[in-house]
Amino acid sequence: MTARSQNDRVVPPSGAPATLTSFTAGAMTFLAVFALALALASGRLAERWASALDRTATIRISAPDDQIAMQTKAVLDILATTPGIESSRAQTPDEQRKLLEPWFGPDLPLTDLPLPQLIEVIEATEGYDSEGLKQRLSAEAPGAVLDDHTRWRKPMAEAASRLRLLGYLSILLIGAAMAAMITLAANAALSANAQVIKVLRLVGAKDSYIARAFVRRFTLRAAAGSAVGALAGTIGVALLPAQDAAGGFLTGLGFTGAGWLLPFLLPLLAGGVAFAATRQAAFTTLRRLT
Amino acid sequence: MLPQIRATGVAFTVISFENAAYSYGGGELLSDISLRLAPGSFHFLTGPSGSGKSTFLKLCYAELAPTAGSLTLFDRDVRSLSRDDVALTRRRIGVVHQDCQFLDHLPLAANVALPLTVAGRTSAPSDLSDLLGWVGLGQLAEAKPPSLSGGERQRAALARAIIMGPDVILADEPTGNLDWEMSLRLLTLLVELNRMGKTILVATHDLNLIRQAKPQLAARVLRISKRRIQLAGADL
Ligand SMILES: Nc1ncnc2c1ncn2[C@@H]1O[C@H](COP(=O)(O)OP(=O)(O)OP(=O)(O)O)[C@@H](O)[C@H]1O
Ligand SMILES: [Mg+2]
């Protein structure tokens, strides 16, 4: 018999509290995997929206066919003289067809449709006065509407980063709830073994020796339960439909690259939480009991 | 030969009470105790049931602390001992408790070896079985404590108390559940241990045992009466 297994045997098997610890760690980690996936996906989304849409705007010109060309030129002229605009460019019919293809198919007779002309605007770092530009446009090209994205981009990017925050907050809460449950379970095990602890103290066991028997047990139980939860959660995430080209939010909920390893850090974390919680509980109980 | 430092040096005491008292919610149980147990001494402690014999022993192994006065164990004030110090002190004091508690989930042999286990030491299996054989429990090494008789538990407790080779042995009614023959055997062991230099304190109300011991060694008899501990006369 090794010294270590002998040391663990001085405390009888912990039964229900130990089982509760494994189960709690497993269930909590399962949830944490999804919270982690959510946080990472929201983070990616927030970044993409913030950076890709940053500094771009669109001007849409809807006008009778014979006026489109004229108004387009007028708008481009205005843009060329507006401070804070880096560049602007009218989209070619080809580009417009590409834009619409996912919705209407490749054989769209573009010329037969009363489509608005789109102009891409790229803003300089210092930015432009969007109200002033809108006024000039309505005066000189009545069919032009400035869509500066920020109207919908900002709340979306904000929502995404808020979602990321919520994801991380969930992981924290899950960790705290797990710590509380394991503390409770450890306290139950310690109280159930009050007699054992008393005998151990009487024969000269140090607190750290007695605590170690409990801490080791609960740490291992939590880490093992958590490993099962992490595996199950990761499989769950992997079974979600693959991320499509459009990068829609729900389909983008997987992990990417090395991110797939992150869920497997959770058992280490759970073990650490269990270690700290049980140790704290053990030393408190030992001082109370003997 | 190496010089006997302790014999020639400053007076060394194992257990020393000075004007110590112990009281609890119900009042003062032990008052004004001044007592020194010198290394190698042998004491009996007698007194009526409920007079505080077990309480006195608990003070001696730092389970309780005096509520007044001072108590030093191995020349250290018990109040200055940390929890770890208490644990280390108990490794030098073998105790046979009156209620003989064991770890019920471990076999007898593991229970007897427990002081070694918690101290991070291992026992030679032959030493352990010799010891169990000596207290007459060789056949019961694998038995679980709840299945043992009262006398078997007391013998096991004695084996556990001496396995560490402690400097001091405190025994609380160690013959309470033993027949006369086994009591004598236990007394012989205690006498032997005392000859090896161990300090021994036995709480007992078995006056026959004390009489039996007297011719074998220079034992002193302490008696608790009216909350005080006095040296008993030769009237036993
Ligand atoms: N902390 C305490 N709280 C309440 N009562 C106590 C406490 N400590 C001691 N007593 C009481 O003090 C008395 C002495 O107890 P103790 O066990 O020391 O007696 P004893 O001499 O060993 O008796 P016995 O011969 O029956 O073993 C008992 O009446 C016990 O109930
Ligand atoms: Mg008693």
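Helix H2(B) supplies the largest share of the shell around ligand 1, three residues. The model is predicted, so local features need pLDDT of at least 70 and side-chain atom pairs pLDDT 80 or more, while totals for chains, interfaces and linings use all residues. Residues are numbered from 1 along each chain as written, chains are lettered from A and ligands numbered from 1 in written order, and side-chain values use heavy atoms without hydrogens or water.

The shell (residues with a heavy atom within 4 Å of the ligand) includes B:Tyr22, B:Tyr24, B:Lys53, B:Ser54, B:Thr55 and B:Gln98. Strand E1 (15–24) and helix H2 (53–60) of chain B each give at least two shell residues; helices (H or I, at least four residues) and strands (E, at least two) are DSSP runs numbered from the N terminus. By class, the shell has four nonpolar, seven polar and one charged residues, with Gly counted as polar and Tyr and Pro as nonpolar.

| Residue | Distance to an oxygen atom of ligand 1 |
|---|---|
| B:Ser49 | 2.6 Å |
| B:Ser54 | 2.7 Å |
| B:Thr55 | 2.5 Å |

Protein covers 61% of the 640 Å² of accessible area that ligand 1 has on its own (Shrake-Rupley method, 1.4 Å probe).

Elsewhere in chain B, helices H7 (150–162) and H8 (180–195) pack at about 10 degrees, their axes 12 Å apart. Axes are lines fitted to C-alpha atoms over the stretch in contact, and angles run from 0 to 180 degrees between N-to-C directions. H7(B) and H8(B) are therefore roughly parallel (under 35 degrees). In H7(B), B:Arg155, B:Leu158 and B:Ile162 meet residues of H8(B), among them B:Met182 and B:Leu186; contact means heavy atoms within 4.5 Å.

Key
Polar contact = N/O pair within 3.5 Å; in protein donor to acceptor, adjacent residues only side chain to side chain. Parallel < 35°, antiparallel > 145°, perpendicular 65-115°, else oblique.
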